[in-house]
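I opened this notebook to record what I looked up in the structure.

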Amino acid sequence: MSYSGRMQNGHYYSVFFAPRGRDRMYDLGIQIAQMYLSPFDKLIGVIGEAGSGKSMIIKGMFPGLELTNDDNGLNVRPLPLLDQSDDGFFSAHTYHIDINFEAAFVQMHELADAILNAVRNGKRVIVEHFDMIYPYLHTNADLLIGVGEEVIINRPTIFGPLPGEIHKIVAKSIVYRRMAHSAEDLCEIYIPPEYRKDCRHGDVKHGFVLEFSKYPGFDLDLLEKDVLDAINRDVSISYVDEKHIMIGDILHPCTGPRTHVPSTGSIENFRIIKHVFYDPLKNEYMIAGRIGPKYASEESYDFNDLASD
């Protein structure tokens, strides 16, 4: 009886909320590696739009891996994957490549040949924008990860899903994550200062959660009004650095500064759920905000509705 080397053959599809902060994305990457990554996986495909957090997921999954480029520019040249050498014990085991970036410099069939050559030599290759290179590879990844409003972890078979199908899902949903993140930061600006220091962030479908160790005794109707006023003014939202954004003329701390809409007017159908939720196990109080489609069950404060559609 032969053994293919494939682990987790029973796993097909898992979904996580995609956190909006850098540290939470790193933690999720660690969790994905622990739960789903096999030592026999040689080809890892990562799919998602710019600013979705693909690089943060990869850094969490593979601590210490030097990405060949990131949002700050070039990290490594020449591209190691194109310059593979047989240095025995000291040869690289894991390679990273961003297809969207490298396609501007190297022809796609050359990138595909380099990826396949590395895999045949027992190397592991992590490929960002895997959907772009798939038509040239003619083979799917061992593990596919899509990053949009949610993080989709999939172990495809010959029957699919195809990378393009994952891309359609995450490309369509990322807009909700950007709107939710921008609305979340607006709420943080307008809550009273004494609560702002105690505010932590959580995730729900098409929305966000603000968590407090003490009961948030401020007016939720007023908070909603202030945020809606800012949305109606269509204030610009811009990246400053990896820890800050500008909302209009306000400098605001943010650990996910690239995951935002360009201005507040892009946030659709914002509302606060007019209820303070309490978690007795964590002894935490929570308020929830949503964007996008409205559901009748919101009026019943149904947390199941907040978790999924």
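What does the accessible surface of the protein chain come to, and what share belongs to carbon and sulfur atoms? I noted about 15,000 Å², of which 54% belongs to carbon and sulfur atoms (Shrake-Rupley method, 1.4 Å probe).

I kept in mind that this is a predicted model, in which local features need pLDDT of at least 70, side-chain atom pairs count only at pLDDT 80 or more, and totals for chains, interfaces and linings use all residues. Residues are numbered from 1 along each chain as its sequence is written, and side-chain values use heavy atoms, with hydrogens and water left out.

I then looked up burial: 51% of the 309 residues of the protein chain count as buried (under 20% relative accessible area, 1.4 Å probe, protein chains only).

For secondary structure I found 9 helices and 16 strands in the protein chain (DSSP runs: H or I of at least four residues for helices, E of at least two for strands).

Next I traced an open sheet of 6 strands, ordered β1-β8-β7-β2-β6-β5 with mixed pairing (strands pair if DSSP finds at least two bridges between them). Its edge strands are β1 (13-17) and β5 (94-98), each pairing on one side only.

Within this sheet I checked β7 (residues 143-147) and β8 (residues 150-154), which run antiparallel and are joined by 4 bridges. Val147 has Val151 in β8 as its bridge partner.

Finally, I looked up helix α1 (residues 22-36), which lies across β1, β7 and β8 and runs at about 160° to β1 (axes fitted to C-alpha atoms, for helices over the stretch in contact, meaning heavy atoms within 4.5 Å; angles from 0 to 180 degrees between N-to-C directions).

Notes:
Buried means under 20% relative accessible area, exposed over 50%, partly exposed in between (1.4 Å probe, protein chains only).
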